[in-house]
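Subject: Structure handover

Hello,

Here is the structure for your files. My notes on what turned up in it follow below.

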Amino acid sequence: AIIGKHGASRIFLKPASPGTGIIAGASVRAVMEQVGVHNILSKRQGSKNALNLVHATMDALLRMKDAVAIANKRGITIGEVFN
């Protein structure tokens, strides 16, 4: 799961299995649709302010790491990252 923060808003984003769709509120859904994400679960904590939620969502997306970078940091293969 990825956590994004902005102001009093906190967003948790978790990849979902294919066919799940975008399980999110309007602000987060709009961002996910624009960046091309089709399957994701989200949870909001804190403020319901739409602007803060958009910023928190963008923060979470920017914190995402590449699978290759994670594998190199852990000293494992890319296949092991996903298992």
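**What was found**

The protein chain exposes about 5600 Å², and carbon and sulfur atoms supply 56% of that area. Please keep in mind that this is a predicted model. Of its 83 residues, 28% count as buried. Along the principal axes, the C-alpha atoms fill a box of roughly 40 × 30 × 20 Å. Among contacts with a separation of 6 or more, 55% are between residues 24 or more positions apart.

**Sheet**

The secondary structure comes to four helices and four strands. Read from the N terminus, the elements follow the order β-β-β-α-β-α-α-α. The four strands form an open sheet ordered β1-β2-β4-β3, with mixed pairing. Its edge strands are β1 and β3 (22–23), each of which pairs on one side only.

Strand β1 (residues 2–6) runs antiparallel to strand β2 (residues 9–15), and five bridges join them. Within this pair, I3 stands opposite F12 in β2, and G4 has I11 in β2 as its bridge partner. The two strands form a hairpin with two residues between them. G7 sits in the turn of that hairpin and has a positive phi of about 60°.

β2 is also joined to strand β4 (residues 40–46), by seven bridges, and this pair runs antiparallel. One of the pairings here is K14 with L41, its bridge partner in β4.

Helix α2 lies across β1, β2 and β4, and runs at about 140° to β1.

How many salt bridges does the structure hold? There is one. It is formed by the side chains of D59 and R63, at 3.0 Å from N to O. Both residues belong to helix α2 (residues 50–63), and because they are four residues apart there, about one helical turn separates them. R63 has a relative accessible area of 47%, so this residue counts as partly exposed; the cut-off for exposed is over 50%.

**Nonpolar surface patch**

Which residues make the nonpolar surface patch? V68, I78 and F82 make it, and the patch comes to about 290 Å². F82 lies in the segment after α4 (78–81). Is F82 buried or exposed? Its relative accessibility is 61%, so F82 counts as exposed.

**In short**

The one salt bridge joins D59 and R63, and the nonpolar surface patch is made by V68, I78 and F82.

Regards

Technical notes. Residues are numbered from 1 along each chain as its sequence is written. This is a predicted model: local features need pLDDT of at least 70, side-chain atom pairs count only at pLDDT 80 or more; totals for chains, interfaces and linings use all residues. Side-chain values use heavy atoms; hydrogens and water are left out. Two strands pair if DSSP finds at least two bridges between them. Patches are made of residues with over 30% relative accessible area and no salt bridge: like charges are joined within 9 Å, nonpolar side chains (Val, Leu, Ile, Met, Phe, Trp, Tyr) within 5 Å. Accessible areas come from the Shrake-Rupley method with a 1.4 Å probe; for residues, only the protein chains shown count as cover. A salt bridge is a side-chain nitrogen of Lys or Arg within 4 Å of a carboxyl oxygen of Asp or Glu. Buried means under 20% relative accessible area, exposed over 50%, partly exposed in between (1.4 Å probe, protein chains only). Contact means heavy atoms within 4.5 Å. Axes are lines fitted to C-alpha atoms, for helices over the stretch in contact, and angles run from 0 to 180 degrees between N-to-C directions.
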